[in-house]
Amino acid sequence: MASLAPSSSLRADRSYQELYFAIAGFWTLEEMNVFLADLARTALPFIKNKERFTALGNLSDFVPQDRQTAEAIRSSLLEATRNGLIRFAVVSPPPLVKMQYKRIGEGMDVAFFDDETNARGWLREAV
């Protein structure tokens, strides 16, 4: 990773009922809340139609976050689960991020992968 500056990308694939995001760097709580609001807006078509959906998060350049930011992420995942999220694939997290996401995703259907191809295969088994 060249920088700790936060960055992200988002998209939804309606044909596979899949939400995709990549997130990198270190985030303040305020920055994360903006991202999570954007993520929720991207998921809104699934939620409005009461459709089940999956999510793939590429975290290869993400770093462990402070407790408040991690709790905001967990709250967002729990809300998404109540609104149709059935599986969440995490791709290429650094070891400390993987440990943090194991805690954040406790009780949810979350799996970790080294590449997006295998992650998508696992997600698409569920829809």
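On one side of helix α3, Pro95 and Met99 are exposed, where exposed means over 50% relative accessible area, buried means under 20%, and partly exposed lies in between (1.4 Å probe, protein chains only). The model is a predicted one, in which local features need pLDDT of at least 70 and side-chain atom pairs count only at pLDDT 80 or more, while totals for chains, interfaces and linings use all residues. Residues are numbered from 1 along each chain as its sequence is written, and side-chain values use heavy atoms, with hydrogens and water left out.

**Helix α3**

- The buried residues of α3 are Val97, Gln100, Tyr101 and Ile104, and, seen down the helix axis, they fall within an arc of 100°, so they line one face of the helix; the arc is that of the directions from the helix axis to the C-beta atoms.
- An α-helix has 3.6 residues a turn, so residues three or four places apart point the same way.
- These buried residues of α3 pack against β3, α2, β4 and β5 (110-113); helices (H or I, at least four residues) and strands (E, at least two) are DSSP runs, numbered from the N terminus.

**Nonpolar cores**

- A nonpolar core is a set of buried Ala, Val, Leu, Ile, Met, Phe, Trp, Tyr and Cys residues joined through side-chain atoms within 4.5 Å.
- The largest such core has 27 residues, of which Ile23, Met32, Phe35, Leu59, Phe62, Phe88 and Tyr101 touch the most other members.
- Two or more residues of this core come from each of β2 (18-25), α1 (29-48), β3, α2 (67-82), β4 (85-91) and α3 (95-104), and α1 gives the largest share, six residues.
- A second, separate core of 10 residues includes Ala22, Ala89, Val91 and Leu123.

- Leu56 is located in strand β3 and is buried, with a relative accessible area of 0%; apart from residues up to four places away in sequence, its contacts (heavy atoms within 4.5 Å) include Phe21, Phe88, Ala89 and Leu123.
- Asn58, also found in strand β3 (residues 53-62), is buried with a relative accessible area of 15%, and, leaving aside neighbours within four places in sequence, Asn58 is in contact with Tyr20, Phe21, Ala22, Ile23, Val91 and Glu116.
- Ala22 lies in strand β2 and, with neighbours within four places in sequence left aside, is in contact with Ser7, Ser8, Ser9 and Asn58.
- The C-alpha atoms of Ala22 and Ser92, which are 70 residues apart along the chain, are separated by 11 Å.
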